[in-house]
Amino acid sequence: MKKQYKFIPLPGYKEYPLDEMKRRALAFYNTIKQRRTVRDYSSQSVPREIIENCLMAAGSAPNGANKQPWHFVVVSNPDIKRKIRQEAEKEEEAFYSGRATDEWLEDLEPLGTDRNKPFLETAPYLIVIFAESHHLDADGNKSKNYYVQESVGIASGILITAIHNAGLVSLTHTPSPMGFLNKILHRPANERPFLILVVGYPEEGAQVPDINKKKLDEIASFLD
Ligand code: IYR
């Protein structure tokens, strides 16, 4: 039998007065613009409950046909973190010493990134995000997922936002290729590693590059 959802009144919707809407939009911008990608982590631990709620926020993301084609592996085990660091640094070594084009290396130079990824061991959590390219049920039956990259990208954005909102910092790390993550984390072949999100507290005195974001008229156009 085909599944048919019951339709219900939009739960929890509350229309704010316009002045409050304006205040909230500005307040959120002022909060989210403080988010910075951090590469220097303290080893201070983070209660798991915080990560769990940030993951529930991520799992609420809009996605293709509500297939929710993601899986998050939360790694705090030091041995697994060490293995991930070893394999990631092997790929980064190859990237920085030949695989990357000169243009790419020149673009990265001002950001000061390099082949060493100590944060993969220092930070209390690595959240490894997998994209489920198709679904496999317990009997091995295959079914389709839709807009997988878009869906997992949106969920990752919400996760990053939730982590910032909680008061922690993160780093999107994408060693390439990332196939080693399936092996280390025992994830099946229908799941592709999408992103490693490094999560924790910044190291005391952590520094970030003094970058600017584009102005509104550079990122948006209004056709009235
Ligand atoms: N994955 C490498 C290289 C890298 C690429 C981009 I594009 C960045 O914005 C940052 C780094 C690394 O993690 O060093």
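Just after α6, G167 takes a positive phi of about 105°. Helices here are DSSP runs of H or I with at least four residues, strands are E runs of at least two, and both are numbered from the N terminus. This is a predicted model, in which local features need pLDDT of at least 70, side-chain atom pairs count only at pLDDT 80 or more, and totals for chains, interfaces and linings use all residues. Residues are numbered from 1 along each chain as its sequence is written, and side-chain values use heavy atoms, with hydrogens and water left out.

Helix α6 covers residues 148–166. Its buried residues (under 20% relative accessible area, 1.4 Å probe, protein chains only) include V148, V152, L159 and I163. The buried residues of α6 pack (heavy atoms within 4.5 Å) against elements including α1 (18–32), α2 (48–58) and β1 (70–75).

I turn now to the ligand. Which residues surround the ligand? With a heavy atom within 4 Å as the criterion, they are R39, E92, F95, Y96, W104, L108, D114, K117, H173 and T174. Helix α3 (78–99) is one of the elements that supply at least two residues of this shell, and its three residues are the largest share.

As for polar contacts (N or O pairs within 3.5 Å), an N or O atom in the Y96 side chain is 2.5 Å from a ligand oxygen. For H173, a polar side-chain atom lies 3.2 Å from an oxygen atom of the ligand.

Note on methods
The expected span of a helix is 1.5 Å times one less than its number of residues. Buried means under 20% relative accessible area, exposed over 50%, partly exposed in between (1.4 Å probe, protein chains only). A polar contact is a pair of N or O atoms within 3.5 Å; within protein, one must be able to donate a hydrogen and the other to accept it, and residues adjacent in sequence count only if both atoms are side-chain atoms.
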